[in-house]
Amino acid sequence: MNRLAVWAPFADSLEAQISGRSIPLEKTAGSWWRLGQPVAPATDYAFVVNNQNPVPDPRSMRQPKGIDGPSQTLDHSAFVWGDDGFQPRPLSSAVIYELHVGTFSEQGTFDGVTGHLDHLLGLGVTHVEIMPVNGFSGSRGWGYDGVNLFAPHEAYGGPEGFKRLVNACHAKGLAVILDVVYNHLGPAGNYLDCFGPYFTDHYQSPWGRAVNLDGAESHEVRGFFCDNAAMWLRDYRVDGLRIDAVHGFFDLSAIHFLEDLRRTADQIQAQTGRHKILIAESDLNDPRTVRPAAAGGHGMDAQWSDDFHHALHAVLTGEQAGYYADFGKLSHIARALTRVFVYDNQFSAFRRRYHGRPVHGLSGHRFLGYLQNHDQVGNRALGERLSRLVSPGCLKTGAALMLLSPFVPMLFQGEEWAASTPFQYFTDHSDPELGEAVKKGRCKEFAAFGWDPEQIPDPQASDTFARCVLKWDEKQTRPHAEILEWYRQLIALRKNLPDAADGRMDRVQATADDTAGWLVMTRGALTVACNLADQTQLVPLSGADRMEIRLCPAKNSQITAAGIELPADCVAVLYQNPAMEESG
């Protein structure tokens with residue numbers, strides 16, 4: 001049985017509509033309103049605040065008729081789990097795979113994802129990171145404009161479907177990380193203003209009204225989001241949360257909201273006996289995000305590292321627009337590999353100010369390294385993947401640097417076989433005015449970069465979504481199969497060579513020649529040599545005569561006493577041979 005309760009300081013009267021009846025709720029301490037009688041599972045209900053139109057419960061656990069429809073009670077204990085012995089692998093040994101439920105399979109559902117888990121296992125993936133699954137407008141979307149934060153999206157399969165997916169992942173030894181958005185809510189179906197001060201006008205957010213994290217009654221707002229985190233970690237048994245855009249949290253409290261989330265995760269970890277991780281997305285270049293609270297940090301286990309991505313992308317593609325203007329040199333990649341942040345209190349021309357803070361004494365495993373992700377692909381005008389922008393040689397070079405870096409590697413769905421499908425921005429708003437506003441806003445955004453508005457895909461068009469669905473049969477054909485095998489070999493090396501999984505930043509050496517166009521990264525006995533010039537050249541290596549080639553697309557590459565001769569756009573992975581060391 002469920003007992004309905006809602007925090008509503010804005011309410012003078014509050015009723016629950018259940019089975020055609022209006023039942024008053026009783027106001028209790030702290031502006032909480034409670035229904036005295038229990039409600040059976042699978043019961044539809046809605047709240048009527050101050051005699052206005054009925055609206056969903058802010059903590060609705062299911063929205064069977066969409067974001068504007070009635071809520072439905074749910075008995076979490078009814079699901080039969082089969083993962084009691086599961087324990088996720090440590091983040092330090094992780095290979096993360098980011099996916100979007102709607103486009104990952106033809107079915108576009110949680111069960112559709114389950115059908116491809118064996119592929120992820122064969123690839124060497126250990127953690128599946130799922131883009132937001134809470135309720136959002138329409139049937140298709142990215143999920144970052146969600147509103148029903150406690151209710152898994154019905155079009156994906158609802159609560160039961162998500163539990164089946166998590167259960168299936170655990171049965172195969174895969175951990176699950178869920179992407180959550182706590183810095184704003186979507187423009188459609190957001191009824192929180194009916195209940196209380198969930199938002200503030202003291203700050204401005206680029207995605208909508210800023211969440212009230214430090215104003216009057218913000219303790220209940222923070223509690224709302226912490227309870228949401230607890231639900232995913234406890235009731236859906238996810239193994240971690242990826243917290244979207246923490247630079248969008250405006251919080252001047254002495255104890256930052258991220259610390260509250262850390263405490264919440266730690267409590268669930270203690271109660272369940274399962275490790276729970278928190279990963280932040282942040283563009284602040286601030287290592288305090290991943291330092292423990294006792295050391296003056298916010299206590300996240302890891303954070304995304306955009307500088308590493310931007311440095312790789314700008315060199316491989318030659319793009320210099322927007323934030324890529326701060327990058328474009330091989331020495332930027334070398335700096336990211338050895339210092340994590342390229343901009344660690346360096347002047348950023350793009351921002352026109354000094355940006356970032358140096359990283360000292362932290363493992364590379366505190367940072368995620370990626371060549372592609374949903375943001376960097378999907379926020380392009382046409383949603384092109386990197387494989388559409390660079391040569392196969394450059395693609396393999398980027399993959400080698402990412403998968404053999406000191407960071408925790410993360411792949412984006414289909415990247416491993418250079419999927420031909422784009423990942424574009426798509427929505428399904430039922431309000432035609434909102435849909436048109438989204439379309440115009442997208443065109444205006446890219447007009448500043450010189451794009452013809454006629455070429456920008458309409459986010460509301462169903463074919464924009466359809467062209468993003470992965471084509472699984474292509475991974476067995478050329479050239480996709482060749483890229484897939486390259487990724488498999490790199491991931492296997494990361495798992496089998498001790499130095500490849502080492503997160504100690506003081507053991508990373510990286511040198512680059514921006515003029516000649518080569519870069520060398522060394523981590524213990526492991527060396528990655530890259531030639532990104534437009535002709536064959538000798539890439540200098542110290543102790544090359546004691547190395548053997550483990551992976552190289554060019555079979556005719558030769559090692560000399562001075563280095564390795566590599567064709568243009570080529571990479572070689574070398575390992576120091578102990579037998580050669582002894583004989584030398």
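Reader: With which residue does Asp266 form a salt bridge, and how far apart are the closest N and O atoms?

Author: Side chains of opposite charge can pair when their charged atoms come close. Here Asp266 pairs with Arg262, the closest N and O atoms being 3.2 Å apart, and a salt bridge is counted when a side-chain nitrogen of Lys or Arg lies within 4 Å of a carboxyl oxygen of Asp or Glu. Please keep in mind that this is a predicted model, in which local features need pLDDT of at least 70 and side-chain atom pairs count only at pLDDT 80 or more, while totals for chains, interfaces and linings use all residues. Residues are numbered from 1 along each chain as its sequence is written, and side-chain values use heavy atoms, with hydrogens and water left out.

Reader: In which helix do Asp266 and Arg262 lie, and how many residues apart are they?

Author: An α-helix has 3.6 residues a turn, so residues three or four places apart point the same way. Asp266 and Arg262 both belong to helix 6 (residues 257–272) and stand 4 residues apart, about one turn of the helix; helices (H or I, at least four residues) and strands (E, at least two) are DSSP runs, numbered from the N terminus. The accessibility of the two partners is given separately: Asp266 is partly exposed, with a relative accessible area of 35%, whereas Arg262 is buried at 11%. For these words, buried means under 20% relative accessible area, exposed over 50%, and partly exposed in between, with a 1.4 Å probe and protein chains only.

Reader: Which side chain meets that of Glu482 in a salt bridge?

Author: The partner is Lys396, with an N to O distance of 2.5 Å. Glu482 lies in helix 13 (residues 480–496) and Lys396 in helix 10, so the pair ties together parts that are 86 residues apart in sequence. Glu482 is partly exposed at 39% relative accessible area, while Lys396, at 7%, counts as buried.

Reader: How many salt bridges does the rule give?

Author: The count comes to 30 salt bridges. One of them joins Asp463 to Arg467, with the closest N and O atoms 3.6 Å apart; Asp463 is partly exposed at 42% relative accessibility, and Arg467 is partly exposed at 35%. Salt bridges can also share partners, and in this way Asp83, Asp84, Arg237 and Arg274 are joined into one network.

Reader: Is helix 7 mostly covered or mostly exposed, and what covers its buried residues?

Author: Helix 7 is mostly covered, with 11 of its 12 residues buried, and the cover includes strand 17 (302–304), helix 8 (330–339), strand 20 (367–370), helix 9 (374–378) and helix 10 (392–403). His310 of this helix is buried at 6% relative accessible area. Leaving aside residues up to four places away in sequence, His310 touches Tyr323, Tyr324, Phe327 and Gln376, where contact means heavy atoms within 4.5 Å.

Reader: How much space lies in the second largest pocket?

Author: On a 1 Å grid over the protein atoms alone, with a 1.4 Å probe, a pocket is an open set of points with protein on both sides within 12 Å along at least five of seven lines, and lining residues have an atom within 4 Å of a point. The second largest pocket holds about 410 Å³. It is lined by 19 residues, of which Arg3, Ala5, Arg59, Met61 and Phe150 are the closest to its centre. Points are joined across faces, edges and corners, and the volume is the space filled by probe spheres set on them. Helix 5 (218–234) and strand 5 (32–34) each supply at least two lining residues, and the largest share, 4 residues, comes from helix 5.
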